[in-house]
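Subject: Structure for you to look through

Dear colleague,

Please open it first, and then read on for what was found in it.

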Amino acid sequence: MSTKHKELAHWVKECAELCKPDKVVWCDGSDEEKNRLEKDTFRTGELIKLDQKKLPGCVYNRTAINDVARTEHLTYVCTRDKNNAGPNNNWLSPKDGYQKAADIFRNSMHDRIMYIIPFSMGPVGSPFSKIGVQITDSAYVVLNMRIMTRMGKAVLDLLEKTNGDFTRCLHGKADLDVNRRLILHFPEDNTIWSVGSGYGGNALLGKKCLSLRLGSYLGQREGWLAEHMLIMGIEDPQGYIGYIAAAFPSACGKTNLAMLLPPEGLKRKGYRIWTVGDDIAWMRIDTDGRLWAVNPENGLFGVAPGTNSRTNPNIMAAIKKNTIYTNVLLKKDKTVWWEGGDPPVPANGIDWQGRAWTSGQIDENGEPILGAHPNSRFTVPIQNVPSITNRLEHHHGVPIAAIIFGGRRARLAPLVYEAFNWQHGVFVGATMASERTAAQVGKIGEVRRDPMAMLPFCGYNMGKYFAHWLVMGKKMSAAPRIFNVNWFRKDEKGQFLWPGFGDNLRVLEWIISRCKNEVDALKTSIGNVPHENDIDLTGLRLTREHMHKLFAIHKKDWQQELEGIDAFFKTFGNTMPKEMWHEYRTLQKRLTA
Ligand code: OXD
Ligand code: MN
């Protein structure tokens, strides 16, 4: 197989001349291809076949030990003008970027196969979808792209038929050396180069690189939004489905929320949840003045630790077949386990680093030795999820009633509050902050500002990104309402105050009622909060005092927060829209009133 698409053929030739693979293979997406790739990787040991009776179609992978998470310090936006990348991105000039990466790519694929993967983010052929072609020397990446995107012959046929444009995505593992690793975005050339890593977020270029970094850049130019958001529908017994899009920093439970099961106490109400996406939303304004969202992906790349039949029964059902497990514990019986997984804890196994592991082992510092890496993952087709929407292939997507922002804040933010209007909502999103998790390299627990959960993913100057959000709001006659939630508030003893998981539906119920104008709210200095009995707590044993703690607004803490926001906003200089400073000052006033 090759291609009639002249530009594509030319680009592939150029990349082959740079990387010098043994062989070029065009991926068609067929089952035959999948079987062949799996066989090859079983032979080389890159993948391990799991027990096909217990886990049909499932395979296991271990990454290099130094290659287990996104490496934000090695991720760059390469624009001609540095200001366009903004203070939120590492920057290299396109010339330097290409040169540095080319030095690593050069001859890096000798004795390797170069795979060519045509893929579509969004339904194939939809005017809202974007086509990319990823080149990679990793069969593991091909197998992941099969799950995460729509890929293969249908996409290439379309590209040839329309002689269309495509994002050039060049990926190579090179020597997996962290000192020779770069993840580069060239938005002005519609190009992504990633070298030296095989980890999902760095290597599956349709996800963070195309759908968010290049996507946000394109969204600003073309008048839409590419966001780090889950999309879900909440259907009430009358059949009304309220769709929400929600942004949380990495590893804050987006996947769990997107497919939650109603808690016992709310079962009588007969809600059903429909999962549309767990990580990325592309949103456009339609002729009805509302915001409509599609999930451009076709699979989930979820964090395994902490996932179990209580926290997420839907995903536990989904990952029983056709799933790729990465860096989890491999059990003797060729099944898998991870910390916080379903019991029983296995007595032994092989850990994510390939070492013999026994439960209860501790290291020289007395810390438990983990069987699974904290950022170990499963890659699973979205169609496996029992709660999957039937709207996945609608190019139009679903109408969004509410946008939700959230983070991990042990003290500050109440369980839920609603912004006064769109502009205030943009401020709420712009001031999001969270404690760092294992999905990013760095110190776990440290608070970092992460506006709209897009700090690592906004492909251009974030000051301009906030301005774009403001413009989008002005264009809508029926804009979604904006809320903030915090499932992670703790008491004096460090215990979580809110049960989370399925019980989060209680908060979503209030949010939907607000969108339908069914309940009033209480105005506070930071936003509107629920009246005391407006969150249905049936079946939960939470005292009044407990709820007060969940909703307390400590002015001192908020004043301190303002200082952090001030310093953060200032880093954007005069690209920070004046409306954001206006919201800052009015919040300051309300807090001192
Ligand atoms: C992810 C992330 O993998 O946000 O989705 O890191
Ligand atoms: Mn994510």
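To begin with one pair of charged residues, the side chains of Glu 492 and Lys 549 meet in a salt bridge, with 3.3 Å from N to O. This pair links distant parts of the chain, since Glu 492 sits in the loop between S29 and H13 while Lys 549 belongs to helix H14 (residues 544-551), 57 residues apart. Glu 492 counts as exposed at 64% relative accessibility, whereas Lys 549 is partly exposed at 29%. Please keep in mind throughout that this is a predicted model.

Asn 528, which is found in strand S31 (residues 528-530), touches several residues beyond its sequence neighbours, including Glu 418, Arg 514 and Trp 510, and Asn 528 is itself buried, with a relative accessible area of 12%.

In the other example, Glu 222 forms a salt bridge with Lys 130, the closest N and O atoms being 3.2 Å apart. Because Glu 222 lies in helix H8 and Lys 130 in strand S7 (residues 130-136), the pair ties together parts that are 92 residues apart in sequence. Glu 222 is partly exposed at 42% relative accessibility, while Lys 130 is buried at 17%.

Next, which residues coordinate the manganese ion (ligand 2)? The ion is held by Lys 208 through NZ, His 228 through NE2 and Asp 279 through OD, at 2.1 to 2.2 Å, and in sequence these donor residues are spaced K-x19-H-x50-D. Lys 208 lies in helix H8 (residues 206-222) and His 228 in the loop between strand S12 (225-227) and strand S13 (229-235), so this pair ties together parts that are 20 residues apart in sequence. Lys 208 is buried, with a relative accessible area of 6%, and His 228 is buried as well, with one of 1%.

Finally, a word on how the chain is divided. The domain assignment gives domain 1 (6-45 + 73-222), domain 2 (227-298 + 390-592) and domain 3 (300-382). The C-alpha centres of domain 1 and domain 2 lie 32 Å apart, and where the two meet, 31 residues of domain 1 are in contact with 27 residues of domain 2. Between them these domains bury about 2700 Å², 54% of it on carbon and sulfur atoms. There are four salt bridges between domain 1 and domain 2, together with 18 residue pairs in polar contact. On the side of domain 1 that touches domain 2, helix H3 (82-85), strand S6 (113-121), helix H5 (139-148) and H8 each supply at least two residues, and the largest share, 10 residues, comes from H8.

With best wishes

Notes. Residues are numbered from 1 along each chain as its sequence is written. Chains are lettered from A and ligands numbered from 1 in the order in which they are written. This is a predicted model: local features need pLDDT of at least 70, side-chain atom pairs count only at pLDDT 80 or more; totals for chains, interfaces and linings use all residues. Side-chain values use heavy atoms; hydrogens and water are left out. Helices (H or I, at least four residues) and strands (E, at least two) are DSSP runs, numbered from the N terminus. Buried means under 20% relative accessible area, exposed over 50%, partly exposed in between (1.4 Å probe, protein chains only). Contact means heavy atoms within 4.5 Å. Donors are N, O and S atoms within 2.8 Å of the metal (3.2 Å for Na, K and Ca); water is not among the atoms, so sites may look incomplete. Domain bounds come from an automatic or database domain assignment. Buried area is the accessible area (1.4 Å probe) that two parts lose on being put together, summed over both. A polar contact is a pair of N or O atoms within 3.5 Å; within protein, one must be able to donate a hydrogen and the other to accept it, and residues adjacent in sequence count only if both atoms are side-chain atoms. Lists of a residue's contacts leave out its neighbours within four places in sequence.
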